[in-house]
Amino acid sequence: FNDRTCSNLIDHMNNRLTKILFTLLMVALTGVSHAQDPHFSQFYANPLYLNPALAGSALTPRLTMNYRNQWPALSNAYVTYSASYDQFFDKAKSGLGMIIMADVAGDGVYKTNKVAGTYAYNVEFSRDLYLKAGFEAGIGQVTVNWDKLVFLDQIDPIRGPLDPSGNPFPSQETRPFNLSTYYLDLAAGFVAYSKNWYGGFSVKHVNAPNESIIATRATFGLVPLRLTVHGGAEISLKDSYNNRDRGTFLSPNFMYVRQGEFQQLNVGAYANFESIFGGLWYRHTFTNDDAVIFLLGTRYKMFKIGYSYDLTISELTNDTGGAHEISVAIHFAQLKRRKGRNYLNCLKMFQF
């Protein structure tokens with residue numbers, strides 16, 4: 001072989017080894033660790049996932065769709081889809097919503113699907129102080145694609161996992177009778193807000209659902225509690241006086257998440273200038289610097305579209321490809337300016 005041929009062969013084996021090791025890692029995660037939820041950098045664009053108390057926070061019928069591709073350099077390591085609908089009912093002071101999610105890990109090896117309904121009730125303490133309390137109930141499903149798994153006894157020291165004809169070597173591992181499981185999942189939260197600030201808290205998996213497929217112990221596959229604290233303020237730079245002009249404001253905000261031993265803190269700011277918005281956040285996992293998040297988006301009539309990129313700044317910088325995220329929101333009615341309750345609040349980054 002010449003140098004180029006050897007180099008290409010080495011690169012090919014390295015890529016294949018990376019995929020094999022990642023697949024084995026996903027198998028290990030399926031069998032020996034507690035699951036953790038996917039996360040969205042554009043948390044404001046997926047309010048029902050952030051906190052069930054935000055159901056109806058747009059004050060108009062709203063459909064949101066989210067797509068996240070995390071670590072694309074690792075053969076679609078984590079791809080997450082989300083769609084939700086929510087609406088506020090003024091007379092009942094309540095918001096209702098539904099969210100559907102799908103998370104695909106390891107290029108389809110491990111999949112999680114979930115559908116949930118949310119309800120939030122709005123309490124007015126004064127003209128400038130409100131509290132929303134919310135509840136969520138859903139059904140989750142976990143599935144494993146056995147045909148995509150690669151086990152150690154399938155890896156030939158010379159050829160890898162495939163024979164000369166391109167077929168996988170047989171494995172002595174026993175295929176489980178059931179490769180999927182369903183579970184009930186409950187969550188709750190609240191949000192307090194005024195004209196200039198907001199703060200919220202949510203807890204997910206309050207019933208400690210078990211999503212294990214292979215585990216033999218009752219507590220093996222329990223999903224740990226996910227605790228989220230979030231908040232922010234709004235600095236108005238230019239008031240909005242009609243439905244076409246969204247105004248100009250700056251919203252510094254934060255989000256703290258803890259699930260099991262995992263912790264994450266997002267700190268940054270969201271900025272809006274009429275039909276254009278953007279943002280910049282720093283994400284820290286308490287064990288290392290994780291990423292810097294860049295956001296840019298626009299509005300056109302009833303549509304709001306945002307794109308964000310997570311620039312990895314940890315030791316994985318050159319290996320993951322960062323993360324791409326797209327959000328689309330459709331508001332089916334224009335929000336009329338009203339005096340008093342609900343409109344004059346600090347939730348604009350969630351509403352428009």
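## A serine and its surroundings

Ser 308 lies in strand β14, which spans residues 303-312. The model is a predicted one, and what follows should be read with that in mind. With a relative accessible area of 1%, Ser 308 is buried, because that value falls under the 20% cut-off for burial. The side chain of Ser 308 makes a polar contact of 3.1 Å with the side chain of Gln 42. Leaving aside residues up to four places away in sequence, Ser 308 touches Ser 41 and Gln 42, then Ile 293, Phe 294 and Leu 295, and also Ala 323, His 324 and Glu 325.

The patch covers about 770 Å² of surface and is made by Tyr 85, Tyr 300, Met 302, Phe 303, Ile 305, Tyr 307, Ile 326 and Phe 332.

| Residue | Relative accessible area | Class |
|---|---|---|
| Ser 308 | 1% | buried |

## The chain as a whole

The protein chain contains 4 helices and 15 strands, and buried residues make up 46% of its 352 residues. Among contacts in the chain with a separation of 6 or more, 56% are between residues 24 or more positions apart. The accessible surface of the chain amounts to about 17,800 Å², and carbon and sulfur atoms account for 62% of that surface.

## Confidence along the chain

The mean pLDDT of the protein chain is 82, with 81% of its residues at 70 or more. Confidence is highest in helix α2 (residues 47-50), at a mean of 97, and lowest in helix α1 (residues 3-32), where the mean is 41. Over residues 1-33 the pLDDT stays under 50, and the model has 31 contacts beyond four places in sequence for this stretch. Residues 337-341 likewise have a pLDDT below 50, and this stretch has 13 contacts in the model beyond near neighbours in sequence.

Key. Residues numbered from 1 in each chain as written. Predicted model: local features only at pLDDT ≥ 70, side-chain atom pairs only at ≥ 80, totals over all residues. Heavy atoms only, no water. Helix = DSSP H or I, 4+ residues; strand = E, 2+ residues; numbered from the N terminus. Buried < 20%, exposed > 50% of the residue type's maximum accessible area, 1.4 Å probe, protein only. Polar contact = N/O pair within 3.5 Å; in protein donor to acceptor, adjacent residues only side chain to side chain. Contact = heavy atoms within 4.5 Å. Areas by Shrake-Rupley, 256 points an atom, 1.4 Å probe, with all protein chains shown as cover. pLDDT = per-residue confidence, 0-100. Patch = residues over 30% accessible without salt bridge, like charges linked within 9 Å, V, L, I, M, F, W, Y side chains within 5 Å. Salt bridge = Lys/Arg side-chain N within 4 Å of Asp/Glu carboxyl O.
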